[in-house]
Amino acid sequence: MCAKIEHHTNEITYESLLQGNKDWVAETLLEDPAYFDKLAAGQKPPILWIGCSDSRVPANQITNTNPGDIFVHRNIANVVVHTDMNLLSVLDYAVNILEVEHVIICGHYGCGGVEAALSNKQHGIIDNWLRNIKDTYRLHYHELDIISDHKKRVERLTELNVIEGVFNLTKSSIIQNRWSSGKKLGVHGWVYSLNSGLIKDLNVSCEANNHLGNVFKMDEPVIK
Ligand SMILES: [Zn+2]
């Protein structure tokens, strides 16, 4: 286990990735000669994962799942912004074409993006992206301002960023139309701990729009 981690942190090169790929294919075929034939036939993942780009939070490994099991979108600090065409396209495809049954936003403690959003330093163009997390702080400043321990405040903002992400997803027409069509779809918020490897369920799962303020609720689309 340690040797594997050491290998990955010290010896990763452009060439080693290609060699690693060859090794993986050989090992996989040894175990299941039909593995790639089966995967190539198509995908029907039941889960859409929205996570952080952080290299330490790979969706498949930390949930003990395999290629084909999870449709994945990642961005810095797993932010859900309703004008992000990349995220909306992934969400629409996952919900309406792949027909996933669960959408999970998974943040993580120790997130550099959340930490940066809490600071006053400039980090470049990413500051415009992280502004969304500062807006989440503004929504919850009464709770966050009184947390004196910096680490704990970052952790709580990490959780609130996920919770607001869940609410932002459920405010979208994509999710609400799916619900109004009678299809089952759960939206969930999780946080992963880099220290323990464990995932915490924030218990904000939604399967309907009844938690939303009236202004965010949408009528069914008019079909002409
Ligand atoms: Zn992160």
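I started with the domains, whose bounds come from an automatic or database domain assignment. The chain splits into domain 1 (1-42) and domain 2 (46-216). I looked up the distance between the centres of domain 1 and domain 2, taken over C-alpha atoms, and found 29 Å.

I noted the ground rules next. This is a predicted model, where local features need pLDDT of at least 70, side-chain atom pairs count only at pLDDT 80 or more, and totals for chains, interfaces and linings use all residues. Residues are numbered from 1 along each chain as its sequence is written, and side-chain values use heavy atoms, with hydrogens and water left out.

**Zinc site**

Which residues coordinate the zinc ion? I found Cys52 (SG), His108 (NE2) and Cys111 (SG), at 2.1 to 2.3 Å. Donors here are N, O and S atoms within 2.8 Å of the metal (3.2 Å for Na, K and Ca). Water is not among the atoms, so sites may look incomplete. I wrote down the spacing of the donor residues in sequence as C-x55-H-x2-C.

Are His108 and Cys111 buried or exposed? Both are buried. I used these cut-offs: buried means under 20% relative accessible area, exposed over 50%, and partly exposed in between (1.4 Å probe, protein chains only). His108 counts as buried because its relative accessibility is 0%.

I then placed His108 in strand S3 (residues 102-108). Helices (H or I, at least four residues) and strands (E, at least two) are DSSP runs, numbered from the N terminus. I checked the contacts of His108, leaving aside its neighbours within four places in sequence; contact means heavy atoms within 4.5 Å. The list includes Cys52, Asp54, Asn78 and Tyr192.

**Strands**

I turned to strand S1 (residues 47-52). S1 is mostly covered, with six of its six residues buried. Two strands pair if DSSP finds at least two bridges between them. S1 pairs with strand S2 (residues 70-75) in the parallel sense, over six bridges. In that pairing, Trp49 stands opposite Val72 in S2. S1 also pairs with S3 in the parallel sense, over five bridges. There I found Gly51 opposite Cys106 in S3.

**Loop between S2 and H5**

I looked at phi in this loop. Most residues other than glycine have a negative phi. Ala77 lies in the loop between S2 and H5. Ala77 is not a glycine, yet its phi is positive, about 70°. Ala77 is buried, with a relative accessible area of 0%.

Asn78 is found in the loop between S2 and H5 too. Phi of Asn78 is near 40°, again positive in a residue other than glycine. Asn78 is buried, with a relative accessible area of 2%.

**Cavity**

How many cavities of 30 Å³ or more does the structure hold? I found one. On a 1 Å grid over the protein atoms alone, a cavity is a set of points where a 1.4 Å probe fits but cannot get out, and lining residues have an atom within 4 Å of a point. Grid points are joined across faces, edges and corners, and the volume is the space filled by probe spheres set on the points. The largest cavity has a volume of about 50 Å³. Among its lining residues I listed Val80, His82, Leu87, Asn168 and Ser172. Helix H5 (85-97) and helix H9 (150-170) are the elements that give two or more residues to this lining. H5 gives the most, with three residues.

Conventions:
On a 1 Å grid over the protein atoms alone, a cavity is a set of points where a 1.4 Å probe fits but cannot get out, and a pocket is an open set with protein on both sides within 12 Å along at least five of seven lines; lining residues have an atom within 4 Å of a point.
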